[in-house]
There are 2 protein chains.
Amino acid sequence: MTEARNPAEAGPSSKGAGTTRLAPTYEGDFVLDEDLALECGSTLSGVTLHYAVYGRLNAARDNAVLVCHALSGSALVGEWWPEIFAPGAVLSLEHDYAICINLLGSCYGSTGPGSVNPATGSPYGPDFPLISIRDNVRAQARLLDSMGIRRLRLVLGGSIGGMQALEWAIHDPARVERALVIGVAPLGAMGLALNHLQRQAIINDPEWRGGRYLPHKPPQQGLSLARQIGMISYKSAGLFEERYGRRGNRNGEDPLKMDAECGLLGGRYDIAGYLDYQGRRFNDRFDANAYLAILRTMDTWDPLLGGADPKEVFGRIKARLSFVGISTDWLFPAESVRQFAETIRSAGVQADYREMVSDHGHDAFLAEQAELVRLLQ
Amino acid sequence: MTEARNPAEAGPSSKGAGTTRLAPTYEGDFVLDEDLALECGSTLSGVTLHYAVYGRLNAARDNAVLVCHALSGSALVGEWWPEIFAPGAVLSLEHDYAICINLLGSCYGSTGPGSVNPATGSPYGPDFPLISIRDNVRAQARLLDSMGIRRLRLVLGGSIGGMQALEWAIHDPARVERALVIGVAPLGAMGLALNHLQRQAIINDPEWRGGRYLPHKPPQQGLSLARQIGMISYKSAGLFEERYGRRGNRNGEDPLKMDAECGLLGGRYDIAGYLDYQGRRFNDRFDANAYLAILRTMDTWDPLLGGADPKEVFGRIKARLSFVGISTDWLFPAESVRQFAETIRSAGVQADYREMVSDHGHDAFLAEQAELVRLLQ
């Protein structure tokens, strides 16, 4: 898969760049007609879900597939996961009706911290409530209800998308035939640590102003650093080594250079140029409070919260489940995914586990789509 | 090994706490009588080395051992590595004369960014030059010369301490009988990435003020975040999982709590409380510019810089070398250390490799000193 490059700085970047991007059949908003009672105890009013569909719903309304996106994704799955639609791959635009719904808390159209709080007339900002994965699934179910979709042939997603896919199978067992859960398990202590670091990077930025930053002065340095901390957990040491090694930044900076301008900082290594570039790009497309909101959604997902009995929680699942671990995933280690699948299988659920061998780390499900497709065939 | 604990927040902390700390025989400063010409091309005048010694130099002056410290260490090796002095361990206070010299760039007594630049009469601050590992070795050699020490029975260190130990064997082959290099190899791309993130955490702090921060207003948030980013690379995911898992912070914070005060942030997990605690503690004992200075020293160490011939660089070594990799080390993976040792052995040097099995990650050489000692026996 070809990756966009910046001539001066390393920029393996936009997912799906170089591959035909698919346009949705329809992209629009769905507004819930009732308030959404959240798991945290708060209520969200006037909830909007931004979504996109690909292909056509058949007369029997039984060809729907729900694709769930990850942290910084959008409803436009045809842009960030195009190869799952390739001929013979996971989805067929001839036969399937693919739906992708933007996460609550995001900045890509669904209700999030940037939305106006009807109670105050101002954007929620830092007062945006904790949205759980389950809350997302319950809101999404209303959209499917409105479409008359009683059955999902498949629900799938990677990372936070996989959290949603599994939560769908738990929460609405009658509706889900199959679920594909990629590169995910409840976040472990190291994952929680990484999210904690990213959160601090944002709130340490003086422009964050307690979450009430000015629209023209967002906490860019903080969001950039947060993204960069994220990036090291999405990729693998092996990939970084192969791509960047100990080379100086490709724009000619020399890490060994010593002059009045560089002082304690000095020229950057190539890996640093790459990370800075990723941080800057992320500022062009994402919002700091939305990032914080979804980090919390991610942090708090734990179907076995409080030591719940796996048989009780997972035993209700009727869908066939497939789990995919990624060999070099550091954020959600393959072994955690395998053990998680095993726990669910032990609860009497049909659940297989496959491992994707890749040096791309967690990101492999986006960076090596063709390999993922082969594994799933 | 007992670790100090904070009742409210997780605080496995000071190395060696619970073990008898040794007082040095002497602790003091050595001022170089000549300028130090640095590898970067700059010159450092009035260079001070702060050092500590343990035991007594014998009449033949052939019982000296040089212990080299890591990033945030000090000359007081008896405080941070006491168990290597235990009866039958690596060093004997009865027979050995142990010397430990604070790194240039540090804030523990040797010349660093907080020292006064004789050329301006003000502290160097961000103008402190890039100090290489070799520069440190050359300065340290002057101190040994002044003591009449022509022979080192052993040079040893972990992490940046290991960089110095190997550099000693390369730079001054006639003086070094044996070198023990623990948990280190030239930093790979992932390590350079982690240092880049830490650097940004500091310079993003508005109190950093381009490196000219006010003495009473240092960039505490930035240094705290830098330390926390460091911490995740010093420890292992397994250790974090075992110690903190997905539990809420031990002071009673609830990550699932949702009220006006927590908003997008919410209660912390235990691992977050632990990291915050480590960040705060670090501010009590370290300086931001010193941290930046030593990160550069660490980044730029590469004996094979520019594709130098290993036979030429390492072939001059006369010391017997021992390398130790740590099984769960993420910053300097055991495999990198093993390969590095292999490269050096291939250059005709006597070099063995041992692996320390520990779930403590990179920090194991400090956190599990008794195990390290056993491995070395």
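The model is predicted: local features need pLDDT of at least 70, side-chain atom pairs count only at pLDDT 80 or more, and totals for chains, interfaces and linings use all residues. Residues are numbered from 1 along each chain as its sequence is written, chains are lettered from A and ligands numbered from 1 in the order in which they are written, and side-chain values use heavy atoms, with hydrogens and water left out.

**How the two chains are related**

**The interface**

- Contact, meaning heavy atoms within 4.5 Å, joins 64 residues of chain A to 64 residues of chain B.
- The size of an interface is often given as the accessible area lost when the parts come together.
- Here the buried area is about 5000 Å², with 67% of it from carbon and sulfur atoms; the term covers the accessible area (1.4 Å probe) that two parts lose on being put together, summed over both.
- Two salt bridges cross the interface by the rule, which asks for a side-chain nitrogen of Lys or Arg within 4 Å of a carboxyl oxygen of Asp or Glu.
- A:Arg246 forms a salt bridge with B:Asp302, and their closest N and O atoms are 3.3 Å apart.
- On the side of chain A that touches chain B, α4 (189-203), α5 (220-234), α6 (237-243), α7 (270-285) and α8 (288-299) each supply at least two residues. Helices (H or I, at least four residues) and strands (E, at least two) are DSSP runs, numbered from the N terminus.
- The largest share of that side, eleven residues, comes from α4(A).

**Two buried loop residues**

- B:Thr111 lies in the loop between β6 (97-101) and β7 (116-117) of chain B, and is buried at a relative accessible area of 5%. Buried means under 20%, exposed over 50%, and partly exposed in between (1.4 Å probe, protein chains only).
- The B:Thr111 side chain reaches the backbone nitrogen of B:Thr48 at 2.8 Å.
- A:His360 sits in the loop between β10 (351-356) and α11 (364-367) of chain A, and counts as buried at 7% relative accessibility.
- Among the residues that A:His360 touches are A:Tyr234, A:Arg243 and A:Glu368.

- B:Ile182 belongs to strand β10 (residues 178-182) of chain B and is buried, with 0% relative accessibility.
- Its contacts include B:Trp81, B:Val324, B:Phe365 and B:Leu372.
- B:Pro123 is in strand β8 (residues 122-123) of chain B and counts as partly exposed at 46% relative accessibility.
- B:Pro123 is in contact with residues including B:Pro113, B:Asn117 and B:Arg212.

Terms used:
A polar contact is a pair of N or O atoms within 3.5 Å; within protein, one must be able to donate a hydrogen and the other to accept it, and residues adjacent in sequence count only if both atoms are side-chain atoms. Lists of a residue's contacts leave out its neighbours within four places in sequence.
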